[in-house]
Amino acid sequence: MSKKVSATTKWKTSTIVVSCLLAVVAACYALGVGWKTTDNSDTTSPDTALSLWTDKAEAKDKLVSYMNAITEEGGADYIPPENRIAVFDLDGTLFCETDPNYFDYTLLVYRVLEDKNYKDKASDFEKETAEKIVTLNETGKAAKGLEVDHGKAVASAFKGMTVGEFNDYIQKFKQLPMPSYDGMKRGEGWYKPMLQIVDYLQANDFTVYIVSGTDRFIVRGIVYDSPLNVPNRQIIGSDETLVAPDQGDTDGLSYVYDDDDKLVLGGDFVVKNLKMNKVTVIAQEIGVQPVLSFGNSTGDASMAEYVTSNNPYKSLAFMLCCDDTERENGSQEKADKMFSLCEEFDWVPISMKNDWTTIYGDGVTKK
């Protein structure tokens with residue numbers, strides 16, 4: 001027969017348990033281990049969050065000053081969290097652009113000219129487009145209309161794949177070694193100082209979007225299983241069609257998706273998301289004028305101007321300048337042009353050479 005425990009005994013037991021828990025907490029706090037705070041001090045503190053930026057980096061100072069101004073509640077430049085929107089280009093802004101070309105350009109060349117399971121099936125148009133990319137890699141001169149031709153060739157070369165199969169293909173390609181670097185694979189070409197920028201913004205209640213000229217599904221594949229914490233719904237890129245396998249030529253207004261269907265790449269190119277098209281798609285998909293823009297080329301100029309023109313909130317546009325030719329496949333000529341454009345349009349330049357203590361990390365070296 002069980003014994004009845006008195007209320008006094010229960011109270012004494014509870015008191016002992018609470019006291020023990022408080023003692024454990026106090027010990028952990030004193031030792032500085034085993035206890036995680038929720039004030040985000042490590043990610044919101046510029047010295048910690050932007051540790052890969054040099055002390056003389058003016059771009060870092062301007063961003064920190066900006067952040068202090070727009071997060072001060074009651075301040076003249078305060079921006080509510082729901083309006084803290086930042087847009088980033090991908091290639092050359094967050095991710096390696098030149099080894100020897102854009103990730104999606106090199107992916108097409110691999111698919112059409114090297115993939116033993118597809119190269120004999122590639123169309124003449126796909127092969128011609130891939131060869132134009134090879135020529136660009138060798139001479140630095142791009143054929144007229146290559147940007148759109150590339151988009152069309154990607155759409156047709158991967159036609160019929162499900163979105164998941166396309167992502168699997170990209171993941172395998174990401175495992176190939178970078179040709180110009182030791183210690184880095186195709187999918188690891190992230191600019192570490194820029195990843196810190198993304199984390200710093202998110203820690204200060206920014207919503208970050210990727211707005212890229214690269215195919216949307218390829219961007220998602222690059223970001224998948226990577227150190228960049230941006231969900232698919234915040235990834236915007238060039239587009240191709242999606243269809244149901246049995247849909248054929250039936251218009252989407254007439255075809256009914258059923259439980260046996262799945263989405264596959266339709267093979268038709270829709271739009272190249274560059275230049276003015278970036279402005280249009282931001283308005284369509286985000287619906288709010290961003291307050292920060294990060295890019296690296298004239299393809300991002302319209303986006304930068306859209307962000308900084310007639311904005312009701314304090315806004316800035318940053319542009320990366322590829323002036324590091326020792327740690328990166330940079331170009332001083334291109335960098336000088338961008339420095340000049342930054343001065344002309346009042347964009348904030350970022351020097352890859354002078355503003356960053358590292359680009360890809362200590363374990364990566366340029367061949």
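Q: How are helix 5 and helix 7 oriented to each other?
A: They are oblique to each other. The angle is about 50 degrees, with axes 10 Å apart. Roughly parallel is under 35 degrees, roughly antiparallel over 145, roughly perpendicular 65 to 115, and the rest oblique. This is a predicted model: local features need pLDDT of at least 70, side-chain atom pairs count only at pLDDT 80 or more, and totals for chains, interfaces and linings use all residues. Residues are numbered from 1 along each chain as its sequence is written, and side-chain values use heavy atoms, with hydrogens and water left out.

Q: Which residues in helix 5 meet helix 7?
A: D104, Y105, L108, R111 and V112. Across from them, helix 7 brings L146, E147, H150, A153, V154 and A157. Contact means heavy atoms within 4.5 Å.

Q: And helix 8, at what angle does helix 5 pack there?
A: About 95 degrees, axes 11 Å apart. That makes helix 5 roughly perpendicular to helix 8.

Q: Which residues of helix 8 are in that contact?
A: F166, Y169, I170, F173 and K174. They meet F103, T106, L107, Y110 and R111 in helix 5.

Q: Switching topic. Which residues are buried in helix 11?
A: K278, V279, V281 and I282. Buried means under 20% relative accessible area (1.4 Å probe, protein chains only).

Q: What covers them?
A: The cover includes strand 1, strand 3, strand 4 and helix 12.

Q: What comes just after helix 11?
A: G287, with a positive phi of about 80 degrees.

Conventions: Axes are lines fitted to C-alpha atoms, for helices over the stretch in contact, and angles run from 0 to 180 degrees between N-to-C directions. Helices (H or I, at least four residues) and strands (E, at least two) are DSSP runs, numbered from the N terminus. Buried means under 20% relative accessible area, exposed over 50%, partly exposed in between (1.4 Å probe, protein chains only).
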